Amino acid sequence: GTGATTGNTLTIGDAGTITANSRVGSTATASTTDGTASATSDTNSIAGLGDGSGSVYFGSSGVVDADAVGVNSATASSVDAGTAADVTATVNNDSVQAIDLSGGGPVQGTLLSGSTLSVDADASSTQTATASVIGTPGIAADGSATASVGSGDQVYGIDTTTVTVGSDAT
């Protein structure tokens, strides 16, 4: 197997604290003196607590601090890309979610506490793309430079999770 786990249920009989952090940082760099350069950083999923499946149960009181952070960059450059060459830098953090317990366990997608629950869920995505072509002085036919970051990416503190608390929640 890949070592990945999914659909798990975490049960704490009485009181408990969960700290779940996922931090991804990647850098892609491509450079050339003459020709095409392409750098891509593509992160499919960053998840703090849960990856779209599973449940968490506290018997009485619980504290959850979940963070999902993506800081990714791509840099592509060419001194002289030529007329048919392109320089591209692309960054895409598809899904960044601090808590996503949307399935698994006897009650699908649940964060449950019998009495009190305190939740802090933070998700952030920083994407930087830089592309450049210096070009040949006096020649207008150098290749193009394109830098793009993901659009439509999903960044959530809490996603598709039912939170149930017996009395007090923060």
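**Entry 1: a bridge between strands**

I looked up Phe 58 and found that its bridge partner in β7 is Ser 113. The model I am reading is a predicted one. I then examined the two strands concerned: β4 covers residues 55-58 and β7 covers residues 110-113. They pair in the parallel sense, over three bridges.

**Entry 2: the sheet around that pair**

I next asked in which order the strands of the open sheet stand. The sheet has four strands, in the order β1-β4-β7-β11, and the pairing is parallel. At its edges I found β1 (9-12) and β11 (162-165). Each of these has a single partner strand, so one side of each is left without a neighbour in the sheet. I also noted the angle between neighbouring strands of this sheet, which is 5° on average, direction ignored.

**Entry 3: nonpolar cores**

I searched for the largest nonpolar core and found that 12 residues make it up. Phe 58 is one of them, and the list also includes Ile 18, Val 56, Val 64, Ala 98 and Leu 111. I recorded that β2, β4, β5 and β6 (86-100) each supply at least two residues of this core. Another core, of 10 residues, lies apart from it; among its members are Ala 28, Ala 30, Ala 39 and Val 91.

I then listed the contacts of Leu 111, leaving aside its neighbours within four places in sequence. Among them are Val 56, Phe 58, Val 64, Leu 101 and Leu 117, and also Thr 161, Thr 162, Val 163 and Thr 164.

**Entry 4: the salt bridge**

How many salt bridges does a search of the whole structure find? I found one. In it, the side chains of Asp 67 and Arg 23 meet, at 3.8 Å from N to O. Asp 67 lies in strand β5 (residues 62-80) and Arg 23 in strand β2 (residues 16-34), so the pair ties together parts that are 44 residues apart in sequence.

**Entry 5: Asn 72**

I remained with strand β5, where Asn 72 is also found. Is Asn 72 buried or exposed? At 2% relative accessibility, I record Asn 72 as buried. Not counting residues up to four places away in sequence, Asn 72 touches residues including Val 24, Gly 25, Ser 26, Ser 41, Thr 43 and Asn 93. Val 91 is also one of the residues that Asn 72 touches, and I had already noted Val 91 in the core of 10 residues.

Key
Residues are numbered from 1 along each chain as its sequence is written. This is a predicted model: local features need pLDDT of at least 70, side-chain atom pairs count only at pLDDT 80 or more; totals for chains, interfaces and linings use all residues. Side-chain values use heavy atoms; hydrogens and water are left out. A salt bridge is a side-chain nitrogen of Lys or Arg within 4 Å of a carboxyl oxygen of Asp or Glu. Two strands pair if DSSP finds at least two bridges between them. Axes are lines fitted to C-alpha atoms, for helices over the stretch in contact, and angles run from 0 to 180 degrees between N-to-C directions. A nonpolar core is a set of buried Ala, Val, Leu, Ile, Met, Phe, Trp, Tyr and Cys residues joined through side-chain atoms within 4.5 Å. Buried means under 20% relative accessible area, exposed over 50%, partly exposed in between (1.4 Å probe, protein chains only). Contact means heavy atoms within 4.5 Å.
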